[in-house]
Amino acid sequence: QDTLVPPGELKCVDGMLEFAWENQGCWSCRTLTEGEDPPVYSDSGDCYYDRPGFLQICDSLSHFLITLSLQEAVMSAPVLVAVEEETAASAVIPELRPLWLNGNYVFDEPTHNIFHVPGQDILVLEQTELGIWVASHSTDVFDLLQPDANYERIHS
């Protein structure tokens with residue numbers, strides 16, 4: 001899906017370090033080269049809001065990196081299921097525990113909630129813009145989906 005820039009391709013652009021790209025090259029993210037936990041800027045507004053240029057999308061580089069990393073842990077899982085439910089809790093049978101809530105990504109407000117199932121190899125991404133995603137390294141995940149859940153296997 002989206003990615004951190006490989007170390008050999010990091011570059012300074014307009015006084016900022018470009019460190020992440022959207023998978024089809026639609027946007028990128030940059031941060032200041034100074035400061036303990038600088039803000040993140042992106043040109044994603046060109047894609048989603050008809051606002052050109054690099055605008056601040058997150059107050060904290062560390063917050064953004066956690067959100068990106070957890071999203072990619074879900075999206076790169078060997079077993080990935082897109083579930084058509086309104087909430088993450090309505091997608092799976094076991095109780096979900098919050099792992100990361102209100103994650104800021106490249107949108108105007110927090111969009112990412114990540115949950116895990118204690119004792120199971122399952123992460124669930126509830127993403128405002130893209131829906132519900134259930135990820136695992138095991139096909140056992142299908143036994144834990146709600147019986148009436150409408151889902152599509154993406155990887156398995």
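**Rings and charges**

Analyst: The charged end of Arg153 lies over the ring of Phe142, 3.9 Å from the ring centre. Such a placement requires NZ of Lys or CZ of Arg within 6 Å of the ring centre and within 35 degrees of the ring normal. This is a predicted model, in which local features need pLDDT of at least 70, side-chain atom pairs count only at pLDDT 80 or more, and totals for chains, interfaces and linings use all residues. Residues are numbered from 1 along each chain as its sequence is written, and side-chain values use heavy atoms, with hydrogens and water left out.

User: Over the face of which residue does Arg30 lie?

Analyst: Arg30 is placed 3.7 Å from a ring centre. The ring belongs to Phe54.

User: How many aromatic pairs does a search of the whole structure find?

Analyst: Rings of Phe, Tyr and Trp (its six-membered ring) pair if their centres lie within 6.5 Å; planes under 30 degrees apart count as stacked, over 60 as edge-to-face and the rest as tilted. By that rule, the search of the whole structure gives five.

User: What kind of aromatic pair do Phe19 and Phe64 form?

Analyst: The Phe19 and Phe64 centres are 5.8 Å apart, with 90° between the planes. Both residues are buried (under 20% relative accessible area, exposed being over 50% and partly exposed in between, with a 1.4 Å probe and protein chains only). The pair formed by Phe19 and Phe64 is edge-to-face.

User: Which residues do ring pairs link into a cluster?

Analyst: Tyr105 and Phe107 are both buried. Ring pairs make a cluster of Phe19, Trp27, Phe64, Tyr105 and Phe107.
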